[in-house]
Number of protein chains: 2
Amino acid sequence: MKISFDVSRVRPGAVAGVYPAKCATRTVLDHVTSKWGVLVLLALQQDSLRWGELRRSIEGISEKMLASTLRTLESDGFVNREAQATIPPRVDYELTARGHQLADRLVPLMDWIADNADEITGAPAFPLAKAGESSF
Amino acid sequence: MKISFDVSRVRPGAVAGVYPAKCATRTVLDHVTSKWGVLVLLALQQDSLRWGELRRSIEGISEKMLASTLRTLESDGFVNREAQATIPPRVDYELTARGHQLADRLVPLMDWIADNADEITGAPAFPLAKAGESSF
DNA sequence: CAGTATCCTTTCAGATACTG
DNA sequence: CAGTATCTGAAAGGATACTG
């Protein structure tokens, strides 16, 4: 695929948000914002978790996607995998220092989204009457 | 699809990171972390941009995906579309107050990623010798 | 328990052509 | 200029079965 990209035609003020299509920043951003990346990182933010705990913590994730997401986050150095050769095996996953730095930036984002999601989607879980309004 | 999800089997400390599969939080998260969502939001963070400017600001985005991403962000109330019925038409896109709140949480994340991406991907653009090291 | 391997469906996303 | 419509190939992702 040929990408034509003439920076001179981009408005100067907007250049701060410009990243080349194949730069490291976009690659890492794609890993983090992959379908399950944020959820896995946040699940590990408080404690290390075993494979099964992690899987149960993230409703809807398949084994395949959990494995794949963990391998990516591991290879980026966000997650550390610790396997014990016991029977049955026990494998713990934890954030690395780098993973914690990243998660620290994800928490405010996720908190804000969680706080505002109902209003954004227009489907409040508990449609409360506003102050001054009456339900009669 | 049947989803079985037994919260009692999730470790107590991990519950903070648990979101039901089909909750508003996940929906909004998916919109924001869609392939182009973050890049569009950040491109608009400093200034409003016209359609063409926006398209040129985000290297690699197709018209289809720009349109689709903008419609989603618009319907979530993050982006405002202002069309002028001139010939040729001029359409500006800008963040709403809600969009700015969100972007304010995305900036630290993106800055951190941009600052660390080269090290994370292991392909530094400028492999500098560390202090104390010599290239001889 | 902690995964892999495989198959298969669905969705994503690019290219192209067209419109007001 | 600012889009929409349609087609198609690529990729993501789920279900299932299997393994150390």
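Four elements each supply at least two residues of the surface near DNA strand C: helix H3 (51-57), helix H4 (63-75) and strand E3 (90-95) of chain A, plus helix H4 (63-75) of chain B. Here, "near" means that a heavy atom of the residue lies within 4 Å, while helices (H or I, at least four residues) and strands (E, at least two) are DSSP runs numbered from the N terminus. Keep in mind that this is a predicted model, where local features need pLDDT of at least 70, side-chain atom pairs count only at pLDDT 80 or more, and totals for chains, interfaces and linings use all residues. Residues are numbered from 1 along each chain as its sequence is written, chains are lettered from A in the order in which they are written, and side-chain values use heavy atoms, with hydrogens and water left out.

**Around the DNA**
- H4(A) gives the largest share of that surface, with four residues.
- Of the 19 residues around DNA strand C, the nearest are A:Arg50, A:Arg81, A:Tyr93, B:Lys35 and B:Lys64.
- Sugar and phosphate make up 63% of the atoms of DNA strand C that come within 4 Å of the protein.

**Polar contacts (N or O pairs within 3.5 Å)**
- A:Arg50 has a polar side-chain atom 2.9 Å from a phosphate oxygen of DNA strand C.
- For A:Tyr93, a side-chain N or O atom sits 2.7 Å from a phosphate oxygen of DNA strand C.

**How the two chains relate**

Key
A polar contact is a pair of N or O atoms within 3.5 Å; within protein, one must be able to donate a hydrogen and the other to accept it, and residues adjacent in sequence count only if both atoms are side-chain atoms.
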